[in-house]
Amino acid sequence: MTSAIGLTDGMLATALSLQEAAAAGGSGKSQDDILNEIAGGILTRLPGNFDMDGAAKKHPIKYEDSMNTVLQQELLRYNRLLSVVRTCLINVGKAIKGEVPLSVELEAVCTSLFLNQVPELWHKVAFPSLKPLASWILDFLERLRFMQSWVDNGAPENFWLSGFFFTQSFLTGAR
């Protein structure tokens, strides 16, 4: 069953890549133009990294309030992911302009962006998700808003359980 699923995924990915290349050719835009739009569009929507010092001052880590520990850990993980995503998108734009060489890793990011897939490089540091790129970005931005709201307004009355990187730490902190 695993072999059949892998084979099917490979065939569909190949068909999708051919379809996208043909569709791009008919739109009058080059693949580089489309990639530049995708990368630029995502990049403009990304907020800056979380202010870890400010969050630590507003929500100090204390034995009596274990949720502050959870918040600090989550902010560290989201900052790491934000940095990786931002760096990749900036490098995609530079590679298109010819300012940086197109490495194998960066080419894989470009291919994934073009096919509406989350790049493997992002998956390595990201929360678990099977969503395509467009939905993943929306989910990512919503998670960032949730965390920023927590930093600004204190712990919410209701927590978005699937919005955590490491749900087990939240459950341990809540206990």
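Student: What makes Leu81, Val84, Cys88 and Trp136 count among the residues that Trp122 touches?

Tutor: Contact means heavy atoms within 4.5 Å, and Trp122 touches Leu81, Val84, Val85, Cys88, Leu89, Leu113, Leu133, Trp136 and Ile137, leaving aside residues up to four places away in sequence. This is a predicted model, in which local features need pLDDT of at least 70 and side-chain atom pairs count only at pLDDT 80 or more, while totals for chains, interfaces and linings use all residues. Residues are numbered from 1 along each chain as its sequence is written, and side-chain values use heavy atoms, with hydrogens and water left out.

Student: Why is Cys88 called buried?

Tutor: Buried means under 20% relative accessible area, exposed over 50%, and partly exposed in between (1.4 Å probe, protein chains only). Cys88 has a relative accessible area of 7%, so Cys88 is buried.

Student: Why does Cys110 count as buried?

Tutor: Its relative accessibility is 10%, and the limit for buried is under 20%; therefore Cys110 counts as buried.

Student: What makes Asp139 buried, and which residues does Asp139 touch?

Tutor: Asp139 counts as buried because its relative accessibility is 10%. Asp139 touches Phe127, Lys131 and Trp160, again not counting residues up to four places away in sequence.
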